Amino acid sequence: MATKSSRSMMDVDERERRLLAPYAMFSADSAGRVYPEADHPYRGPFQRDRDRILHSSAYRRLSGKMQVFTGEMGDYHRTRLTHTQEVATIARTVGRALMLNEDLIEALALMHDLGHPPYGHAGEDALNECLADDGGFSHNQFGLTIVQEIEVRYNEYPGLNLTREVLAGQTSRVDKQARGRRPLLEVQLVDAADSTTYDAHDTDDAIKLGLVTLDQMSHLGLIRDGLQYVKKRYAGLSAELLRKAIVHRLLNHQVTNLIDYTARQLKERAFKDTDEVANSDFLIGPDPELAEQKKELESFLYENVYRHPQLIAVRESAQFRLKQMFRAYCENPELMPKKYHPRCEKVGVRQMSVEYIAGMTDHFCEETYHALFPKA
Ligand code: MG
């Protein structure tokens, strides 16, 4: 204890006791790590998890992975990394307002898309087909494999040795339908922040890239509300400022609704600890009216943006290439760098080939493809 107080004004447990609500996850109640470690003198366990994720190579590679749009479409739009940062920021804003554990929230948010392969969901679908007979591939599961087995940081054990709470949070993302007990509120919140974030930024990117227009979206409840709100306050905005103002409103409206609606419900439920949350049917989300409007916006984005001919073309060529690469590595595992050979022995050539491809950035994948198939 002496070491803690000598380095910081207030230790982690004391700060959490003062700032967090009873239904939050307290660092002092953490179930710890698979490989036990001594406490850090001034960082709590979830702060350390966040830092371990931030310093991992999988995290850095998110900057080279597309969210929805590819580098060929310019450099304005979100990458998997900027999306992750937006999710973390929004989740922390809501989490602070609800008196939840921000360190845990940030760790979960920075980790949530760590397992995404190159070329977004198109890449994921292709790799899932490659492993159809071997249990399939999911980016959420791969995120867990990365932090538990693949990242190398310590001599004593594989992976990042994260706390059980962070691992359980990511595990609950793998099969959301199969959830028994409710996940921690911090886990639920990161999920809600993910959709809050992409609904706003995919709208922004799609309009900016000219795939859809604001006019085409003006019948959607959320956009109609945004247009009314913005036009009442600001006259004569340029198209660019109008887009930015709408996206700002879209985010602010969703975040405020999420905080207000959740705070009201948490007050009514009066959970005394995380166990009461786990045994309840509570789920963090926007109020039912906004939930409907989000659904409407999401199906518009699905039909008109994610299925846009320009993106379908990228999607098909990416999938074709990933499958060709998969076959090449399966037939000739020596094509993979030497350092992967021991893991290849352990998990088998099919799994290793998919993991190797899944770890690539879009650009590295492109280069590797051309090295494997120079005439393509
Ligand atoms: Mg995400």
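The dialogue that follows takes up pockets, helices and single residues in turn.

Modeller: This is a predicted model, in which local features need pLDDT of at least 70, side-chain atom pairs count only at pLDDT 80 or more, and totals for chains, interfaces and linings use all residues. Residues are numbered from 1 along each chain as its sequence is written, and side-chain values use heavy atoms, with hydrogens and water left out.

Biologist: With which residues is Arg249 in contact, leaving aside its neighbours within four places in sequence?

Modeller: Contact means heavy atoms within 4.5 Å. On that basis Arg249 touches Asp225, Gly226, Tyr229 and Val230.

Biologist: What makes Asp273 a residue of its accessibility class?

Modeller: Its relative accessibility is 32%, so Asp273 counts as partly exposed. Asp273 lies in the loop between helix 13 and helix 14 (274–278). Sequence neighbours within four places aside, Asp273 is in contact with Pro22 and Tyr23. The C-alpha atoms of Asp273 and Ala24 are separated by 7.1 Å, although these residues are 249 apart along the chain.

Biologist: How do you know that the span of helix 15 agrees with its number of residues?

Modeller: The expected span is 1.5 Å times one less than the number of residues. For the 19 residues of helix 15 this should be 27 Å, and the end C-alpha atoms are 25 Å apart, which agrees.

Biologist: Which residues of helix 15 are buried, and why are they placed on the same side?

Modeller: Leu290, Gln293, Lys294, Leu297, Phe300, Leu301 and Val305 are buried in helix 15. They cover an arc of only 125° around the axis, and therefore lie on the same side of helix 15; the arc is that of the directions from the helix axis to the C-beta atoms. An α-helix has 3.6 residues a turn, so residues three or four places apart point the same way. The face turned away from the buried side of helix 15 carries the exposed residues Pro288, Lys295 and Glu303. Among the elements against which the buried residues of helix 15 pack are helix 10 and helix 16.

Biologist: What makes helix 3 mostly covered?

Modeller: In helix 3 (residues 45–54), 8 of its 10 residues are buried. These include Phe46 and Ile53, and the buried residues of helix 3 pack against helix 2 (12–19), helix 4, helix 6 (102–111) and helix 9 (164–174).

Biologist: What is called a pocket here, and what volume has the largest pocket?

Modeller: On a 1 Å grid over the protein atoms alone, a pocket is an open set of points where a 1.4 Å probe fits, with protein on both sides within 12 Å along at least five of seven lines; lining residues have an atom within 4 Å of a point. A volume is the space filled by probe spheres set on the points, which are joined across faces, edges and corners. The largest pocket has a volume of about 1400 Å³. Its lining has 48 residues, with Lys176, Asp194, Ser195, Tyr198 and Glu298 nearest its centre. Helix 10 gives the largest share of that lining, 8 residues.

Conventions: Helices (H or I, at least four residues) and strands (E, at least two) are DSSP runs, numbered from the N terminus. Buried means under 20% relative accessible area, exposed over 50%, partly exposed in between (1.4 Å probe, protein chains only).
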